[in-house]
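Colleague: I am new to this structure and would be grateful for a guided introduction. May I put my questions to you one at a time?

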Amino acid sequence: MLELIVFSLLNGMVYGLLLFMLSSGLTLIFSMMGVLNFAHASMFMLGAYFSYQIGKVIGFWPALVLAPLLVGLIGAAVERYGLRHVHRHGHVPELLFTFGLAFLIEEVVVMGWGRNPIENRVPSALDFPLFTLFATSYPAYKGFMMLVSVGMFVALYVALKRTRIGLIIQAALTHPQTVAMLGHNVPQVFMRVFAAGTALAALAGVIGGFALLTAPNMAAALGPIVFVVVVVGGLGSLPGALIASMAIGIIQTFAVALDVSTIDLLRHVGLRVASDSVFREAASIKIAQAAPMIPYLLLVLMLIFRPRGLMGTRET
Amino acid sequence: MMIARLLWTILIAPLMVTLVAVPAAAQGTVKIAYIDPLSGGAASAGILGQKHFNYFADKVNAAGGVNGQKLEIVAFDNKVSPEESLIILKKVIGDGIRYVAQGNGSLVAHALTDAVLKHNERNPGKEVLYLNYAAVDPALTNEKCNFWHFRFDADADMKMEALTNYIAQQKSIKRIYLINQDYSFGKAVAAAARTMLAKKRPDIEIVGDELHPLQKVTDFSPYVAKIKASSADAVITGNWSNDMLLLIKAGKDAGLKVDWYTYYAGALGAPTAIGKDGIGHVKQVTEWHKNALPEADPDQIAYEKRFTGKEDDFSYWRIKTMFEMLVMAMKNAKSNDPVKVARALEGLKYKTALGEVEMRADNHQLLQPLLISTMSDKAKYDVEHTGLGFVTNGKVDAKDTATLTTCKMERPK
């Protein structure tokens, strides 16, 4: 039992930290430009594929740096030559633009690497058990994943709170006109934030690529949950995104471990569900089966009761 | 104005060409409509099947066709959607095509078999024959069976019989964990495993019966932690595609030492993603694998000469069996008329390199030998250029795969 709890906690934290890496960039982009960037998870996917390709030629460690940089450049180009033009027409065209972009990237990936998952192996430097507890081993790459995402959080937090650029970004988040009045090039700030955000997603992709599965549908699989993190955490708030993603990761992991259904719970308080009851089917669903639903339930509840999210400063 | 006209020409001209071209090619051919996903997430499986169909149709044609007619495969993309498949079926029937083939997705198969039955009842003289090469829901040859549907893949229960027969002989297995996808097929696999194991090895304890969401889980480590906590010796799963790959990957990460008894570990893309982690531990039940025979089948060699990509392995032995039996039935019937061919297919026995097969007359389910095999790095023929292949552990003869059927079909007068 203790084994299950310890490993569920560890697995939940790793999954949560991966979500954080993915959503930290998005929360900045979302709050700054008001754009729900549907292509954000596609950048995550590009990071995975690029690092695989680059890694084959020059090894994993250079790829860990080069792939996010490359994707960051693509992000900058997308903002400069795509989004900025579409921006003039309002938010709905922007939304559609990123939506289309996500499909486009998926098709390009299919053309380049095929429809099936590619053989993206854990790099040999990280392919060993970090420690063994209760006869279950814990892979080193998961430890590395934690390290990178915690490092990323600290670096981002310091950059936003303690540097001049961070000050301008924070100001541009809420008062873009005023910042522009003061002589700052706000569109350029936008572009850089967009590029940095996509690069961070790509960094998550480099690690997520071998931790999960590198396939053309990986963007679609993680895309929706990233929005949950952003909304639950609160717009533009890094600590919020961190808390939300950790919470989602841990709750979801523990939910899987719970083989309890509503029937069992009711039995504890002395109630029985008749076997011919119309609710029988619904009540016999185990919490484990409903686990993937929990983040979205959280999203809906959060939007109803606290629209600005956990740590957000303004409403979604 | 000029531009508009130019656009029209570009858009309309190819359409006109195809409209003219189709009837011209239709002269003297038996057309088989291949209805499967050719785009979207499941496309790789559909495209692989299409290549097998084209290969075997070309082979039949190169030998002079059948009853003086050539075979022609007409492919349609149904995106694994039952609704789209029904629209396609209407068009196919409208075009006068009398043979329909499909494999991916039992939901699609249910829709098609119902629609074909309804059409055939109402339009005598224009009957359509339905060849199912991969949809394995047992219901299709039981309560939902009909005279026009023929299945060339073993159904989920037959495969489970083969798996559990093999497990029953493995005395070291004491605790089994079931993990399956939360939908009709996954539930059927779990239920079959429970009842059959209870009969064949009552001493085996089922230590877990998990249903997880279909193709939604990105990280299986929580599930693996549960399997680990249950201290199971073996896991039975009907998972396919990503659900299969991620499960085994998570198991490897946690150092989980179990044998995996699967339906689809050898399916397209899976061996590549599972990789070396599967050696000795990942087992599958299939009608064939590349090392089923001591030497490669001539069709395997010829097919892989024609299609050389990493995703182009010769994989569907049952499509070979299907074409050979179809041609034999047509020759026996001395006609390519679907009604006569269907009658000739019923109860037809045929000898393949792996043993005798028989199309059951009572429910139109093909009885064919089934193999249990394990992933190995010492196999003679590898899959997907991975250096890994499957080696046979056990074989169940065709007659021993038969299950009881509830099928009561009406035959045309």
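Predicted model: local features only at pLDDT ≥ 70, side-chain atom pairs only at ≥ 80, totals over all residues.

Colleague: What percentage of the contacts in chain A with a separation of 6 or more is due to residues 24 or more positions apart?

Modeller: Helices (H or I, at least four residues) and strands (E, at least two) are DSSP runs, numbered from the N terminus. Chain A has 14 helices and two strands. Among its contacts with a separation of 6 or more, the share from residues 24 or more positions apart is 76%.

Colleague: What is the radius of gyration of chain A?

Modeller: The radius is taken over C-alpha atoms, and the globule rule is 2.2 Å times the number of residues to the power 0.38. For 316 residues that rule gives 20 Å, and the value for chain A is close to it, so the chain is as compact as a globular protein of that length. The C-alpha trace spans about 70 × 45 × 40 Å along its principal axes. The radius of gyration of chain A is 21 Å.

Colleague: Is S23(A) buried or exposed?

Modeller: A residue is buried if 20 or more other C-beta atoms lie within 10 Å of its own, exposed if 12 or fewer, and partly exposed in between, with C-beta atoms placed from the backbone. S23(A) belongs to helix α1 of chain A and, leaving aside neighbours within four places in sequence, is in contact with V226(A), V229(A), V230(A), A241(A) and S245(A). Because 34 other C-beta atoms lie within 10 Å, S23(A) is buried.

Colleague: Which element gives the largest share of the side of chain A that touches chain B?

Modeller: The contact takes 26 residues from chain A and 29 residues from chain B. On the side of chain A, α1 (2-33), β2 (136-139), α9 (218-233) and α10 (238-257) each supply at least two residues. The largest share, six residues, comes from α1(A).

Colleague: How are α5(B) and α6(B) oriented to each other?

Modeller: Axes are lines fitted to C-alpha atoms, for helices over the stretch in contact, and angles run from 0 to 180 degrees between N-to-C directions. Helix α5 (residues 156-169) and helix α6 (residues 184-200) of chain B pack at about 40 degrees, with axes 9 Å apart. Angles under 35 degrees count as roughly parallel, over 145 as roughly antiparallel, 65 to 115 as roughly perpendicular and the rest as oblique. The two helices, α5(B) and α6(B), are therefore oblique.

Colleague: In which loop does K334(B) lie?

Modeller: K334(B) has a positive phi of about 50 degrees although it is not a glycine. With 10 C-beta neighbours inside 10 Å, K334(B) counts as exposed. Its place is in the loop of chain B between α11 (317-333) and α12 (338-345).

Colleague: Where is V80(B)?

Modeller: Phi of V80(B), a residue other than glycine, is positive and near 50 degrees. V80(B) is partly exposed, because 19 other C-beta atoms lie within 10 Å. V80(B) lies in the loop of chain B between β2 (70-77) and α3 (82-94).

Methods. Residues numbered from 1 in each chain as written. Chains lettered and ligands numbered in written order. Contact = placed C-beta atoms within 7 Å.
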